[in-house]
Amino acid sequence: MSERPPLPRRFNLIRSFALADFITLANAAAGTSSIFLCLNYVESGREPLYLWAAFALLPLAFIFDAADGAVARWRRRSSPYGADLDSLADIVSFGVAPAVLAYTLGMRGFWDALILIYFVTCGIGRLARFNVTADDLADADTGKVKYFEGTPIPTSLALVGVQFAAWRMGAVGEGLWGGAMEFGPGTFHPLVLMYALSGSLMISERIRIPKP
């Protein structure tokens, strides 16, 4: 009689994660929570507590983003999923969440939405390029990537900082810095151009930033 094949182990995916991977997932959880809090802010009629928390979670996501690599080096253990998990988490926390904050605070015109979509897709493209080219950019002796091509996506926290300052000064909605313009199919707020600039810098091949 032939032997039965071994039963599959439950939670194989989770069992294969290293500690650093769980910290990366905390990054994604913080970014997702920030998005949900923006929705709560709108639904509640602009209860400020929700937006305070939405802003606070993105710097926390950055701390998790920095910590996962440090933990992986300290424990000298990583999983095959590490790089991809990191990129996917960064898209949520430093791509989608900052765009949702902008939309929440008044950048809701047709042209605003197109630029915010451009920003998010630039972030996706920048991270995909890094994952594909990491081996080519790595130092032959240490195996570490020597520099970033384009600005890293966590630099979007600078945009979050601008929005936080604008919110605290009441420059949201109709009062957004730079005002609003009506042309073509919808509204355009010049302040959204900082997202267009950030996205363009992320996909630039001319910008090379040494990787710490």
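Modeller: A residue is buried when its relative accessible area is under 20%, exposed when it is over 50%, and partly exposed in between. This is a predicted model, and the values below are computed from it.

Colleague: Why is Thr104 called buried?

Modeller: Thr104 has a relative accessible area of 9%. The cut-off is under 20%, so Thr104 counts as buried. Thr104 is in helix H4.

Colleague: What does Thr104 touch, apart from residues up to four places away in sequence?

Modeller: Thr104 touches Cys38, Tyr41, Val42 and Leu51. Of these, Cys38 has 0% relative accessibility and is therefore buried too.

Colleague: What is the overall make-up of the protein, in helices and strands?

Modeller: The protein has seven helices and four strands. From the N terminus the order is α-α-α-α-α-β-α-β-β-α-β. The C-alpha trace spans about 75 × 40 × 35 Å along its principal axes. Of the 212 residues, 42% are buried. Among contacts between residues at least 6 apart in sequence, 78% join residues at least 24 apart.

Colleague: How do you know that the span of helix H3 agrees with its number of residues?

Modeller: H3 has 28 residues, 48–75, and at 1.5 Å a residue these should span 40 Å. The end C-alpha atoms are 40 Å apart, so the two values agree. Just after H3, Arg76 takes a positive phi of about 55°.

Colleague: Which residues of H3 are buried, and what covers them?

Modeller: The buried ones are Leu51, Ala54, Phe55, Leu57, Leu58, Ala61, Asp65, Asp68 and Val71. Their cover includes helix H2 (19–43), helix H4 (82–104) and helix H6 (157–168).

Colleague: Which residues have the most contacts inside the largest nonpolar core?

Modeller: They are Leu51, Leu101, Met107 and Tyr195, in a core of 38 residues. H2, H3, H4, helix H5 (110–137), H6 and helix H7 (193–203) each supply at least two residues of this core. Leaving aside neighbours within four places in sequence, Tyr195 is in contact with Pro98, Ala99, Ala102, Met107, Ile115, Leu116, Phe119, Leu159 and Gln163.

Colleague: How many disulfides are there?

Modeller: A pair of cysteine sulfur atoms would have to lie within 2.5 Å, and by this rule the count is zero. As for cysteines, Cys122 has 5% relative accessibility and therefore counts as buried.

Colleague: Why is Arg46 called exposed?

Modeller: The relative accessibility of Arg46 is 54%. The cut-off for exposed is over 50%, so Arg46 counts as exposed. Arg46 is in the loop between H2 and H3. Arg46 is not a glycine, yet its phi is positive, about 70°.

Colleague: How many aromatic pairs does a search of the whole structure find?

Modeller: The search finds 11 aromatic pairs. In one of them, Phe17 and Tyr81, the ring centres are 5.7 Å apart and the planes are at 80°. Centres within 6.5 Å make a pair and planes over 60 degrees apart count as edge-to-face, so this pair is edge-to-face.

Colleague: What does the pair of Phe17 and Tyr81 tie together?

Modeller: Phe17 is in the loop between helix H1 (12–15) and H2, and Tyr81 is in the loop between H3 and H4, so the pair ties together parts that are 64 residues apart in sequence. Phe17 has a relative accessible area of 11% and is therefore buried. Tyr81, at 35%, is partly exposed.

Colleague: What makes the pair of Phe55 and Trp167 stacked?

Modeller: The ring centres of Phe55 and Trp167 are 5.7 Å apart and the planes are at 25°. Planes under 30 degrees apart count as stacked, so that is the label for this pair. Phe55 lies in helix H3 and Trp167 in helix H6, so the pair ties together parts that are 112 residues apart in sequence.

Colleague: Are Phe55 and Trp167 buried or exposed?

Modeller: Phe55, with a relative accessible area of 5%, is buried. Trp167, with 10%, is buried as well.

Colleague: Which residues do ring pairs link into a cluster?

Modeller: The cluster consists of Trp52, Phe55, Phe164 and Trp167.

Colleague: What sits over the ring of Trp167?

Modeller: The charged end of Arg168 does, 5.2 Å from the ring centre. The distance cut-off is within 6 Å, and 5.2 Å meets it.

Note on methods:
Residues numbered from 1 in each chain as written. Predicted model: local features only at pLDDT ≥ 70, side-chain atom pairs only at ≥ 80, totals over all residues. Heavy atoms only, no water. Expected span 1.5 Å × (residues − 1). Buried < 20%, exposed > 50% of the residue type's maximum accessible area, 1.4 Å probe, protein only. Contact = heavy atoms within 4.5 Å. Core = buried A, V, L, I, M, F, W, Y, C linked by side-chain atoms within 4.5 Å. Phe/Tyr/Trp six-rings, centres within 6.5 Å; stacked < 30°, edge-to-face > 60°. Lys NZ or Arg CZ within 6 Å of the ring centre and 35° of its normal.
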